[in-house]
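Keep the structure open while reading.

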Amino acid sequence: MRIHRKVVVIAVCFGVFLLLYFLGGNAADDPPLREVAQEDEEEDARNSLPEVVGAKFARKPVAGFGVEDPPGGREGESAIDRGALVHAKSKSQMKAGRAVTKRGRPEEVMHLAVVACGNRLDETLTLVKSALLFSLKKIKFHIFAEDPLTAQFKEKLDQWPRSVSKKFLYALYPITFSVGDAEEWKRLFKPCAAQRLFLPVILKDVDSLLYVDTDVLFLRPMDDIWRLLKSFNSTQLAAMAPEHEVPKIGWYSRFARHPFYGVTGVNSGVMLMNLTRIRSTVFKNSMIPTGLSWGDLLHPLYQKYKNHITWGDQDLLNIIFHYNPECLFIFPCQWNYRPDHCMYGSNCKGAEEEGVSILHGNRGVYHDDKQPAFKVVYDAIRDFPFEDNMFQSLFYPIQTKFLDTVHTLCGRIPQVFLKQIEKTMRKVFEERVVHHVRPRD
C-alpha cells in the first residue's frame, strides 16, 4: 500500500513538473503581450504619420515639423513606449521635412535701389513700372525718399493690381548720410543724389544691388543686366557704362579737374554693385598709403576734391575707380543710353545692333520737347494701363508717335528705341503665356 502511494505521489509530481515545463516553454517562445502591443502601435504610427504631419504643418508651421502629443503622453502609455513612438515619428518627419524643403526652395529675388527727392514721385513710379512690365523674376525695390514722399509712394504702390503686386516687394527708407554734414551731402549736385554712395553701408543685409537714377526706364527684363553679376572676375565689384563713346566730345576728357576712370570716365546713373565685395575691399587712394574701406573713404575724399568736382557723387565714383580700375566692370552703352548717344549723331554701336536696353533720360528730356524721342517712350510707359495688351497699348502707340520725332537726330533712328521693346514683349509673352498653356509631353 505504501509502495502504491509512493508511485502515485511520484507520478503526480512528475506530471506537475512536465506541465510547468511545457507551460513555461510556450510562454518563453511567445513575445510579451506589452511588446506586441508596442510593435502594433509603432506600425500604426509609421503608416499614419505622413497624414498627421501634413495636417499639422498645414495648420501651424513648427520648427522641425514636430507633431506634439498632449502633456504626459497618451493614456496608459509608458515613457519607453512614448520614446519608441517619438523615434518612429521623427524618422518619418525628417523625410516629410526634406520633401517640404525641396518643394519650397526660396525664389530668387533681384534688388533695385532708387533715390527720390523733390518732384520725382511720378518719374520714380514710371521707372518701377517699366521694371515690372518686362522682368521675369521677382524684384525688391529699395526706395530712399524724403519724408513728404514716403506716404505717397506707399499709397500708390499699394493701389497697383494684385497681378502686378505679387511680382515685387518694396522697402522705404529715409534719406540718411552716415558721415559728414548731412545737409552738405544732400545738396551735392542733384538733391539726395549722393545717397547712392552710402548704399553699401546702409543695406548691410543685401548682397548685390542694381542702382538706377529716377529718370531711367527698362526696355528689356532687369533679369538680363542682373546676370552680368556672374561676369565679374574675382576683383570686380561694380559695373557702369562709359560717360561717352567719343573722347573728343566727352566731358571728362575735355573739362575734368580731377582724376577719372579710363579715357572718358563712367556714368553712375545705372550702377550694378556687389555690396558684399565693396564692404570687404580696401581701396587705394591718394590720401592714405594703406588704403581705406568704402565707409571710411567717402568723407575724406569729398573734403579733398569738393572744390574740383562738377557732377557730385559721380565724380567721386570716378576718382575711386581711377585708383582702383581692376574693381570695375564696364558694360556697353545700350545699358545706359542717354541723349548724348544720339543728339550729336548716333555713336552707340551696341544700341544700333541690339536696341536700347535701358533708357536714361537725363537733362530732363522726359519733361520737355528738346528730345521728343525720349519723351514718347516715357509718356507711353507712364500712361500704359496695367493688364492691357502691351502690343496694342504700348508698342504701337510708341511706334506711331515716333513719326512726330523725325525732325530730330534721335528721332531719325526709331529702330534703336523700338527693337529691344518689341523683342522683349515677345519674350515676356512666351514666358508668361505660351509656356503655361503648352500641353505637357
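The model is predicted. A search of the whole structure finds three disulfides. With the bonded cysteines numbered in sequence order, the pairing reads 1-2, 3-5, 4-6.

**Cys117–Cys192**
- The sulfur atoms of Cys117 and Cys192 sit 1.9 Å apart in a disulfide.
- This link of Cys117 and Cys192 is left-handed, with -95° about the S-S bond.
- Cys117 lies in the loop between strand S1 and helix H4, and Cys192 in the loop between helix H7 and helix H8, so the pair ties together parts 75 residues apart in sequence.
- Cys117 is buried at 5% relative accessible area, and Cys192 is buried at 0%.

**Cys333–Cys348**
- Cys333 is joined to Cys348 by a disulfide, S to S 2.0 Å.
- The link of Cys333 and Cys348 is right-handed, with 100° about the S-S bond.
- Cys333 is buried at 6%, and Cys348 is buried at 1%.

**Cys342–Cys410**
- Cys342 and Cys410 form a disulfide with sulfur atoms 1.9 Å apart.
- The link of Cys342 and Cys410 is right-handed, at 90° about the S-S bond.
- Cys342 lies in the loop between S10 and H14 and Cys410 in the loop between H16 and helix H17, so the pair ties together parts 68 residues apart in sequence.
- Both Cys342 and Cys410 are buried.

**Helices H15 and H16**
- H15 (residues 372–383) and H16 (residues 390–401) pack at about 155°, axes 10 Å apart.
- That angle makes H15 roughly antiparallel to H16.
- The crossing of H15 and H16 is right-handed.
- Val376, Val377, Ala380 and Ile381 of H15 meet Leu394, Ile398 and Lys401 of H16.
- By class, this contact of H15 with H16 has six nonpolar, no polar and one charged residues.

How values were computed:
Residues numbered from 1 in each chain as written. Predicted model: local features only at pLDDT ≥ 70, side-chain atom pairs only at ≥ 80, totals over all residues. Heavy atoms only, no water. Axes fitted to C-alpha atoms, helices over the stretch in contact; angles between N-to-C directions. Helix = DSSP H or I, 4+ residues; strand = E, 2+ residues; numbered from the N terminus. Parallel < 35°, antiparallel > 145°, perpendicular 65-115°, else oblique. Left-handed = near helix turned anticlockwise from the far one by under 90°. Contact = heavy atoms within 4.5 Å. Nonpolar A, V, L, I, M, F, W, Y, C, P; charged D, E, K, R; others polar. Disulfide = S-S within 2.5 Å. Buried < 20%, exposed > 50% of the residue type's maximum accessible area, 1.4 Å probe, protein only.
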